[in-house]
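Subject: Structure handover

Hello,

Here is the structure we discussed, for your own work. My notes on what I found follow below it.

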Amino acid sequence: MKRKVLLQLLLVLSSAVSARAAPVLDPAAVSETTLDNGLRVIVKEAHTWPVVAVGVVVKAGSLYEGDYPAGTARFVAHLLFDSERGSSRLRPALTKLGGVVQSGVLRDSVNITFMAYGEVIPESLSVLAEGLFEASITEEEIARTRLELRELGRRWYPDPFTRLSQMLWEMACGNHPYANPTAGAPEGIEQISIGDVIAFYERFYVPNNVAVIAVGDVQAQEFFQQVQEAFGGYPGGDVEWQAPSGVAAPTEPRIKSDRHRVPFPFVGMAWQAPGITNKRDVCAMDLVYTLLQAGPNSLLAQTLQPSGDTERLALHWQVEFITHKQPGLLQIMVQAAPEKELEVRQALLEIINGLREQPVSEQRLTAAKQIVYAEYCFHNESYDEQLATLAFYEAIDSYQFALDYIDQVNAITPNEVQLVAQKYLAPAAYNLAILRPQVSDSLEARIR
Amino acid sequence: MRACVTVVLAMLLATPVPAVQVCQTTLANGLKLVAVEDNSSDLVGIHVAIKVSGRQEPEHLHGVRALIQHQISEVVRSQIAANPALGALDVALGRTGAPSLFNVEWDFVEASVCVPTVELPKALELLAEALYVAELPEEGLANAKADMLGQRDKATTGVEGAYYLLRAALLGRPTGLETIYGEPTTLANITSEQLRAFRAWHYVPANTCLCLVGPLSEQKAVAAVEGAFGALPRGEANDWEASGPAVPYSRARVGSGLGLGQAVMVVGVAAPPVTEPEFAAGLVAHQILSGPNGRIQRDLALARSLGLTLAGRVPGAPPPIDVLPVVVEAQPYVAIWSACDPRRVEKVRSRLVEHLQAFIEGGVSDEELETARMRAATELATQLHIAQTSAALINRCQMFGANPESIANLPEAVATVTEEQLRAMATRWFAFDYVGVQMPE
């Protein structure tokens, strides 16, 4: 009888809870603290299922390798997070606990995430802390890491869009570390010494440059205590990092072409785009990104692959805009239809000019905002994806932006979309990269 | 008719209470609905299963369900392309992949998608219209048949033929009924009228199970489904019966594949269905075998039998052997896939059977069991916490007769499986082995 009453009470309480809409990342479910050593801890509680994603993000992406050979960030992250045999043995130790381990290297940060049944989370924190802060780096491990990265590089042949994107980063960023491939440059891998690795590791892998984040079936206060026990004993360090000076947008188009294993030309255009310090512009640029490529009625679809009898100009396309700590790029990359390279270039410039010259309609902007929301929901579908979002923004600014993001996007007006296009997408301020099919020298001469 | 139950997973008085709210109801037209409230994201997973199996296809219409699903995909694709207001839904379907939105299994057909909560009414309307009402495009039938024939060829002569042969061995299916795609002669003769008549007979609410998982109260979930499906006529429930049980003797089926460099073999044993209390132990057994640290990839003798020590293998590439995931279906199985030299097939088969039947003897170390339990619990809880996979899993449980509420307790059940339970499960289920082999021509 008592059990029945309790069950009914639970039903009443739960229906009251379900009366509200569930935000994608509910601020009411998120808590944070900072340990005395400067380590940040962020928790998003979700108690429906007994699973937790716990991860560590370190502000040690390629942005921070300006004083080191290109690829040092990747080298260190691989040594610590990916090696099955390294001294930290982080990955095998976590795998043995029965969870799933993922790691990644971005331009601004590196991360490792562990997704597991809730019971093993306290133990995983000790493994993470030791693996992160107690790695003893030896010559033998450096040699093994170099071999592994060399082997990975040998087997990796970038698809045309990836190759085009890297060309655009190199053209747009010059000597800025954002020009370095996040996967590491082959020549850089050979130059990296044990001194570089230890210096980079000791400088950036310190508690006050790290955030520990959990999403799932944990209670925040209990988790803070567990993190304190596992990570609290490591001292903070002096990161001493000077941000590299920004990159100036070009005053006239920069053009570069290359040969690749492609049947038809791939055309890429990139403009400088806002960094996280200008959040309003970031939100407006996200809408530009969406208007350009999302859905069957996007600006690119209408122009490059029109319905009806009009000849199509392109076979596939990709648009990229990732928010970075410093200004990044808006990239439009297109696989042109046969003999349509010049027309594609012209069409892309016309689309961009259209965005600069007149504001988009309210109706179109509303549809774009709905798509941004849908994309945002899908990018935060699982606990590890929600963790990745919180970690991403915490590494470049603050996780808070992830919580406010949709409200900020919804506040953008058609005028602001036009203004951001005028501010960043100047008619002459673009980088143009072209990948053409590999051909014989005589044909090459004739094309020129 | 409606029974709403709160399943409390942990101690009732602990705070916050980890609870899974499972609501089960049946609409007036016979559609069975399970709704699970999960507020951890703003996405709703939708899974629709229609109980129409290969057994219900008359001999001259074998493959008709695959044709219908293909046509329904086309309907959805064209409706979205014609309506800009469905742009956000396009993102959802683009992510799912419209062709894979609709799937045909031997025992049922299904639609599976995940949408932002705000798009739920539109998505449900689109699905209801496409599955039960929309005119199937006459002009697309020839293309659909050509596509089915291509898929049938792949399924019978390619690598995946071994999976179909394993299932045919396990369930005692006769030659010609291994796949869901039909035979070239029957496919060619299926007419639009037959397609429509078959659909009108079987694709009805009375044969449908639907599951929603997302941030919806019971009332909102029921109202949303009522709004889209409630007005559909009930139709007649068919005489649906799921496959199984496994044949009570060991059995092998052998086929031949075009262009295969090696023999492709799947060796398996029956696993307990989700309605059995031993289901959790079956999941743990799978984890003991699978993965880079599992028994199969650690077995050096097996690696030698497969010829893995031969020069020319790509360093670091995964070995050509893996354990297939255990799926919720009428008669699940634990099975190992391998590609090997045709001359070594028997050697590899007997070694794999040894691995599978070793569970009957026990001998699982504490460490091995602990890792496997945690891996199985993680995998299950991970599936359940993602709206789309959760809806599919729970709806399949509903369809095959398990109480959907019991699924909430599964991760914990998996995390506490003992060696004795594992051995008892294996003794009952792992005695016979089933083999599907696709030999190179």
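How much area is buried between domain 1 of chain B and domain 2 of chain B? The figure is about 3,300 Å², and carbon and sulfur atoms give 64% of it. Please keep in mind that this is a predicted model.

The domains

For chain B, the domain assignment gives residues 18-229 as domain 1 and residues 251-440 as domain 2. Their centres, taken over C-alpha atoms, are separated by 27 Å. Domain 1 of chain B brings 48 residues to the contact, and domain 2 of chain B brings 42 residues.

On the side of domain 1 of chain B, the residues that lose the most area to domain 2 of chain B are B:Leu165, B:Leu166 and B:Leu170; together they make up 19% of what that side buries.

Several elements of chain B each supply at least two residues of the side of domain 1 that touches domain 2, among them strand E2 (19-26), strand E6 (109-116), helix H5 (141-157) and helix H6 (161-171). H6(B) gives the most to that side of domain 1 of chain B, with ten residues.

The sheet

Chain B also has an open sheet of five strands, in the order E8-E12-E9-E11-E10, with mixed pairing. Strand E8 (251-257) and strand E10 (321-323) of chain B each have a single partner strand, so they stand at the edges and one side of each is left without a neighbour in the sheet. From one strand to the next, the twist averages 10°.

Within this sheet, strand E9 (residues 263-270) and strand E12 (residues 434-440) of chain B pair in the antiparallel sense, over five bridges. Opposite B:Val266 stands B:Gly436 in E12(B). Helix H13 (residues 345-361) of chain B packs on the sheet and touches E9, E10, strand E11 (333-340) and E12 of chain B. The direction of H13 makes about 25° with that of E9(B).

Regards

Definitions and conventions: Residues are numbered from 1 along each chain as its sequence is written. Chains are lettered from A and ligands numbered from 1 in the order in which they are written. This is a predicted model: local features need pLDDT of at least 70, side-chain atom pairs count only at pLDDT 80 or more; totals for chains, interfaces and linings use all residues. Side-chain values use heavy atoms; hydrogens and water are left out. Two strands pair if DSSP finds at least two bridges between them. Helices (H or I, at least four residues) and strands (E, at least two) are DSSP runs, numbered from the N terminus. Axes are lines fitted to C-alpha atoms, for helices over the stretch in contact, and angles run from 0 to 180 degrees between N-to-C directions. Contact means heavy atoms within 4.5 Å. Domain bounds come from an automatic or database domain assignment. Buried area is the accessible area (1.4 Å probe) that two parts lose on being put together, summed over both.
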